[in-house]
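Student: I'm new to this one. Could you show me how to read it, one feature at a time?

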Amino acid sequence: MALLDIHVLGSPILRQDTERVEQITPALRRLVDDMFDTMDKAKGIGLAAPQVGRRERLAVLEVDDTRLVVINPEILVKEGSVRGEEGCLSMPEVYADVNRFARVVVRAQDIDGTWYEVEGHDLLGRCLQHEIDHLHGRMFTDRLSLLKRRAAMREWDYEKAKYPKLLRVLPVGDLPAERDATSSITTP
Ligand SMILES: [Zn+2]
């Protein structure tokens, strides 16, 4: 169990594409476990590998008590449009309304490498789209209109000064109990 440092906007890895995961190794399971711990500690609902400085195409999510790991996710179905507020662990204190598909169906592999499909609307749908964006170098602010993006970036310029190394180091202490990688994950 370990907490990982979170890269904040400005760190180049957040703008890079990820690499497909070809094999589920013990090291990858450990990474997923650490990402869940880091997401919990940061009180987030999603965390993608580039946010912890990694190139693997995977993200973890927890929405409405459902914990998911999505490995090599692809959006199969996109329908409708809905607007809602988003923030990001890599842009603390910056929030904005973002347009997303109202419903998505995502195909991904779980921690055992098994392919599954998950349907997401409301918060889960939004979170899946936000995390999959991260896996392709995109931030939620990229989806804002020019004016709104400028306003968000002005806020971020102010907040960013708190992270001179472009890393967010989470405080250690009252860590969640030790878990193994498989028991912490639910797949539908
Ligand atoms: Zn994010």
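This is a predicted model: local features need pLDDT of at least 70, side-chain atom pairs count only at pLDDT 80 or more; totals for chains, interfaces and linings use all residues.

Student: Let's start with helix H1, residues 26–41. What should its 16 residues span?

Tutor: Count 1.5 Å a residue, and H1 should span 22 Å. Its end C-alpha atoms are 23 Å apart, which agrees.

Student: Which residues of H1 are buried?

Tutor: Among them are Leu 28, Leu 31, Val 32, Met 35 and Phe 36, and Asp 33 and Asp 37 are buried too. The buried residues of H1 pack against strands S1 (6–7), S2 (46–48), S3 (58–63) and S4 (66–79).

Student: Is Leu 128 buried or exposed?

Tutor: Leu 128 has 28, so it counts as buried. Leu 128 sits in helix H2, residues 122–134. Leaving out residues up to four places away in sequence, Leu 128 touches Leu 61, Val 104, Val 106 and Gly 120.

Student: How many residues has the largest nonpolar core?

Tutor: That core has 41 residues, and Val 32, Met 35, Leu 47, Ala 59, Val 60, Val 69 and Val 70 have the most contacts inside it. The elements giving two or more residues to this core are H1, S2, S3, S4, strand S7 (103–109) and H2. H1 gives the most, with six residues.

Student: What is Ala 59 in contact with?

Tutor: Setting aside neighbours within four places in sequence, its contacts include Leu 47, Val 70, Glu 131 and His 134.

Methods:
Residues are numbered from 1 along each chain as its sequence is written. Helices (H or I, at least four residues) and strands (E, at least two) are DSSP runs, numbered from the N terminus. The expected span of a helix is 1.5 Å times one less than its number of residues. A residue is buried if 20 or more other C-beta atoms lie within 10 Å of its own, exposed if 12 or fewer, and partly exposed in between; C-beta atoms are placed from the backbone. Two residues are in contact if their C-beta atoms, placed from the backbone, lie within 7 Å. A nonpolar core is a set of buried Ala, Val, Leu, Ile, Met, Phe, Trp, Tyr and Cys residues joined through C-beta atoms within 7 Å.
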